[in-house]
Every structure is written in structure tokens, then in C-alpha cells.
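Work through the following exercises with the model open beside you, and try each one before reading its solution.

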Amino acid sequence: LALTLTLASALSAPSARAATATDLLYNFDKTTYSGSLDVSVDLYAPPDKNGKVGAPQRYPAKLLFERPDRFRLVLRPGAKDEYRAVAEAGIVRWLDLATGFSGKEAADKVTDPLALALLGSAGELLRFTASKNLVLSKGSKISGAQIVPKTWGSGLQRGFVWLSSSGQPIGFEFVFSDQSKVFVSVLSFKQNVKTSPGDFQL
């Protein structure tokens, strides 16, 4: 989910041709310093030995981020088993309300290196990923792009970003090296929101 920090989109400047999904992604990467998302997550475990994929775990989540190094992720907000993780100044701290267990670790040990690279820089999407537009049916009201990490050590094999006709992010799909998958449906997205230090407390 930390990767979603850098893959949402906003409308790019008017041009003679319609903006593509990759245009929107590049523009977002250059113009975003913070964001807030409400999402629904479907997590699929790797296929079994027969190649069968089981039913997903589904849960709501909230994500707030601020470049270059802050984010707050809350899984199942408001539930008895709410899980919180916050990152700031290279340290990730977490709290599991179901068990009371908490801890902290260096961000580079518990966060995908691609997410850290894109969170920590602006306008560097092409440096850290290879991306291309997806070919959709004629007249489709959505657009999409595929990204492939160029960052060493990333567990992400490939990702997909889906955008509405207005350029707003509506979904993400991430496929990891062990063939597990995460589908993220965006319920709401706000770009360049005002934040305060208290927003990144457990």
C-alpha cells in the first residue's frame, strides 16, 4: 500500500492531444507534495500448488502522506483490530490494537524500496520505473498504465494504475514476486492536503 503514495493522478496542463495515463502520472509526480486517500483493499495470497487463487482478504484503509518521508497508514479504521503504521525521518512505528503489540524499525527494512524512492523525490518516476499506457477498448471512459520497477530490491513485479476520464485515480493493482496480489479501489483522493506533525502520530 505504501506504493500508492506515488501512483495517483491529477489533470495535466491542456495540450493539443488528450493526456494519456502516463502523462497524468508524470504530472502528478512533479506536482504533488502530499495526499490523502480512503481506499478498499483486496489482498490475494500466492496461488496454491495447483495454481488456484483463494478468496481475498478485504478491508478498508486510510493513507496520508507527505514528501519526503512521512506517511500514516491505518487498516480497518475504527475497528477493534485496527492497525496503524506511521513513518517519519526514516523510522516506521506501528501499533496493532487487536493485540496491543507495537514496535519500530528503520523504514528501509520494512518498506518497499520503490515506495521510499518515489516518496522521497519529485519528478523521478521515469528514473525508478518503466511505464507504458494500457490499450483499452475504443470509447473507454477510463485509462490505465503499467509500471515496472527499476529499483533494486523491490518486491513489486509489476503494477497497474486506473484513472477516470477526469484524471482521478480509481484503482491500483500490484503483483509481487511471490505472485501475491493487492487490488486497491480508491473511494476518495485529495491532493496536496495541509498536514501537521500530529497527523503522523500513532
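**Exercise 1.** Locate Ile-142 relative to the strands β7 and β8, and decide whether Ile-142 counts as buried, partly exposed or exposed.

*Solution.* In this predicted model, Ile-142 sits in the loop that runs between β7 (129-133) and β8 (143-149).

**Exercise 2.** Assign Lys-104 to its strand, classify its exposure, and list its contacts beyond the neighbours within four places in sequence.

*Solution.* Lys-104 belongs to strand β6, which covers residues 102-106. With a relative accessible area of 62%, over the 50% cut-off, Lys-104 is therefore exposed. Leaving aside the neighbours within four places, Lys-104 is in contact with Ile-91, Val-92, Arg-93 and Trp-94. Leu-118, by comparison, is 14 residues away from Lys-104 in sequence, and their C-alpha atoms are 22 Å apart.

**Exercise 3.** Which residues have the most contacts inside the largest nonpolar core?

*Solution.* The largest nonpolar core has 35 residues, and Leu-37 and Val-39 have the most contacts inside it. Beyond neighbours within four places in sequence, the contacts of Leu-37 are Ala-61, Lys-62, Leu-63, Phe-65, Val-186, Ser-188 and Phe-189.

**Exercise 4.** What is the average pLDDT of the protein chain?

*Solution.* The chain averages 89, and 91% of the residues score at least 70. Over residues 1-16, however, the pLDDT is below 50, although this stretch has 57 contacts in the model beyond near neighbours in sequence.

Terms used: Residues are numbered from 1 along each chain as its sequence is written. This is a predicted model: local features need pLDDT of at least 70, side-chain atom pairs count only at pLDDT 80 or more; totals for chains, interfaces and linings use all residues. Side-chain values use heavy atoms; hydrogens and water are left out. Helices (H or I, at least four residues) and strands (E, at least two) are DSSP runs, numbered from the N terminus. A nonpolar core is a set of buried Ala, Val, Leu, Ile, Met, Phe, Trp, Tyr and Cys residues joined through side-chain atoms within 4.5 Å. Buried means under 20% relative accessible area, exposed over 50%, partly exposed in between (1.4 Å probe, protein chains only). Contact means heavy atoms within 4.5 Å. pLDDT is the predictor's confidence in each residue, from 0 to 100.
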